[in-house]
Amino acid sequence: MQKPPGKHIDIPMAVKLEKFFYGGHKGIRRERRVKDFGGFNQETRIYRVDIPRAATEPHEVTFRSGGDHHEDTRPDTLCFKMSSKPHAVVERRGEDLVLRSRVGLGTRAQDDPYLWAETPTVGGRHLLLWGGNPFYHTSAASGEMKVQVKGEGLTPSASLHMVCRLGLAATTSSPVAAPFRPAARGSADQVLLTIKHMQTDGKIFIRIHKTATIGEVRSKIIEVLDLPRNATVRMLQHFSGGYTPFSERQQLGALRSLNCAGTAWNGVNLTPARCKQFLQDVIRASEQPDAQAKRGSDADIVSVLVNVLPEYGLEPGLSVMKDTLVLAQKKVEGLPGMEHLVEKINSLQSMTKTQAGKHVNGAQKTLPGEINGSQRSGIQSFLLMHNLGPPGGFAKADQQTANEAPAMLRRLARRQQWDASCRVTLEPWGEPMTLFTKPTCKVTFYTNLHQPRSAGCVVEPIFAVSICSPPCAKKKAASEWRNLKDSLVPLLKLTAFHVFKAIRRILPMSLANAPAAVSGDCSEATAMPWKVLADEAFHEKNYFMAGSFYTRWMEEHLDDEPSVQAAVLSNRAACWAKVGHFEASKEDAQKALELRPDWGR
């Protein structure tokens, strides 16, 4: 008589999300009781669970009669229910992936015509984003670009969704180190954080979006302090009489003071290069509308410029601002071309001191040579010098500007509170390209050139490059993946977004180093400056190109003077010698000698 069936046991198991993304298998070691001729014994069995790509969660795999043996029933049936663990970077939603944290575009990204961002996704994948900046020349202090990348989900038809945020510091560096720029002043979305190092008691101040995560705060600290790539920064919180790390995905909330540990630092290190950038940011901040409005009022302009300090880790205070200006000027004295910058800073400081002495008993006095209490700008002096000023002079114009300033400032404030947003849909562009690196990886291009243009919304051309190396998704290959990214990502930043004609089309057109025409008469065709191009190519060590340009020149100048032809032949001989074509070099040298026998060269 057949025994009744055994128990049906459900066993929930959690695996890495990469198992569902790439597909794979999981070996599960489990003890079970088995019956043999001597009775019941314990044995260890390894159950192999295959997980296909994009499998629905929970993915059930059943082993009939694979459990414990019993005296009165058949062996138990085991059902492993596989689900993905919470991922640190992305979250699975059906077949799509959603980036947990927003990608920062920079606190002043609206000043650049092109945007740049990059982010990791699942293990073994990295995404680079570049293209036209939809926030360029906007007055919004914050904005979101919602990006959908088709083909980066769990299936070829699924997508990766992420949000690129204007006003957040970029989490990674661009190909050229991005300058430090002052954050949007007066924005309610920005908060000031105090960061203290627990070992060294060092303290810095940073300004960041109020909804930023701990991971974004950590990236901002590394950026402000200019720490090395392998630096360790751990954000700690009080817990049960000790300290425990924050979760990278936790938002700031009401936190305004944080403790950190890891790589030691004592404070801000202002190098001469950063001091130069700091002074440039101060000048830029003084030219903003809110700073211009306070030039003629009783408010000290320094109170506006202190907002630059948190971008360098300094406390926003008047005394700190003045001390930092003095220190920065001393450090940039040895740098070339700093005279104009230092002169601007000195004029800004002298103007501040002048404003401080002009207010007596709350009344503003007008100094000689000024118009309505404010110094005449260089542009106004230039216009008056050439009789190009307004008919009534600048006094009337300044009076009108002062009366209209409050309305203009209110308008600017409303525009800065406006939250710009746009949507970008990127689709695969061509087939994936295999790179024979170690380990092997594939590069896939994406673009939004086929995205339909909606009414009233201008969609800028955006491009993306995805790096994929499935072998690097494993934990033991973390060091290989890190080395691959460190060597490949900088190269792709400099080259990947310039190889296609559609990408180069949105870049500014290059200008030649020499004019194509030497006169205004365009009735005759102008000869190409082959010799100029050849000389430039030779100095850049592009010897093959230089030799080709010299050849083109000789084809078009057969009737020139022998001395000029001899010089060109000598130059081309040098090109062939540089690339190892010694026979060709010898022939050109002999021809040059025949044309100019008395030339020692």
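Visitor: What makes strand S10 enclosed by the rest of the structure?
Guide: Burial requires under 20% relative accessible area. In strand S10 (residues 125–132), 8 of the 8 residues are buried, so the strand is largely enclosed by the rest of the structure. For the protein chain of 601 residues, 39% count as buried.

Visitor: How do you know that S9 and S10 pair?
Guide: Two strands pair if DSSP finds at least two bridges between them. Strand S9 (residues 114–120) is joined to S10 by 7 bridges, and the two run antiparallel. S9 and S10 form a hairpin with 4 residues between them, and Gly-124 in the turn has a positive phi of about 85°.

Visitor: How do you know that S10 also pairs with S25?
Guide: The cut-off is again at least two bridges. S10 and strand S25 (residues 462–468) have 7 bridges in the antiparallel sense, so they count as paired. Arg-125 stands opposite Cys-468 in S25.

Visitor: Why are S14 and S16 called edge strands?
Guide: The open sheet has 5 strands in the order S14-S13-S17-S15-S16, with mixed pairing. Strand S14 (203–209) and strand S16 (242–245) each pair on one side only. Neighbouring strands of this sheet are turned by 45° against each other on average, direction ignored.

Visitor: What makes S15 and S17 a pair?
Guide: Strand S15 (residues 233–239) and strand S17 (residues 257–262) are joined by 4 bridges and run antiparallel; the requirement is at least two, so they count as paired. Leu-236 stands opposite Asn-259 in S17.

Visitor: Which strands does helix H2 touch where it packs on the sheet?
Guide: Contact means heavy atoms within 4.5 Å. Helix H2 (residues 214–225) touches strand S13 (190–197), S14, S15 and S17, and its direction makes about 125° with that of S14.

Visitor: What is the mean pLDDT of the protein chain, and where is the pLDDT below 50?
Guide: The mean pLDDT is 78, and 76% of the residues reach 70 or more. Over residues 172–186 the pLDDT is below 50, and this stretch has 43 contacts in the model beyond near neighbours in sequence. Residues 355–376 also have pLDDT below 50, with 30 such contacts beyond near neighbours in sequence. Where pLDDT is low, the predicted coordinates should not be read in detail.

Definitions and conventions: Residues are numbered from 1 along each chain as its sequence is written. This is a predicted model: local features need pLDDT of at least 70, side-chain atom pairs count only at pLDDT 80 or more; totals for chains, interfaces and linings use all residues. Side-chain values use heavy atoms; hydrogens and water are left out. Axes are lines fitted to C-alpha atoms, for helices over the stretch in contact, and angles run from 0 to 180 degrees between N-to-C directions. pLDDT is the predictor's confidence in each residue, from 0 to 100. Buried means under 20% relative accessible area, exposed over 50%, partly exposed in between (1.4 Å probe, protein chains only).
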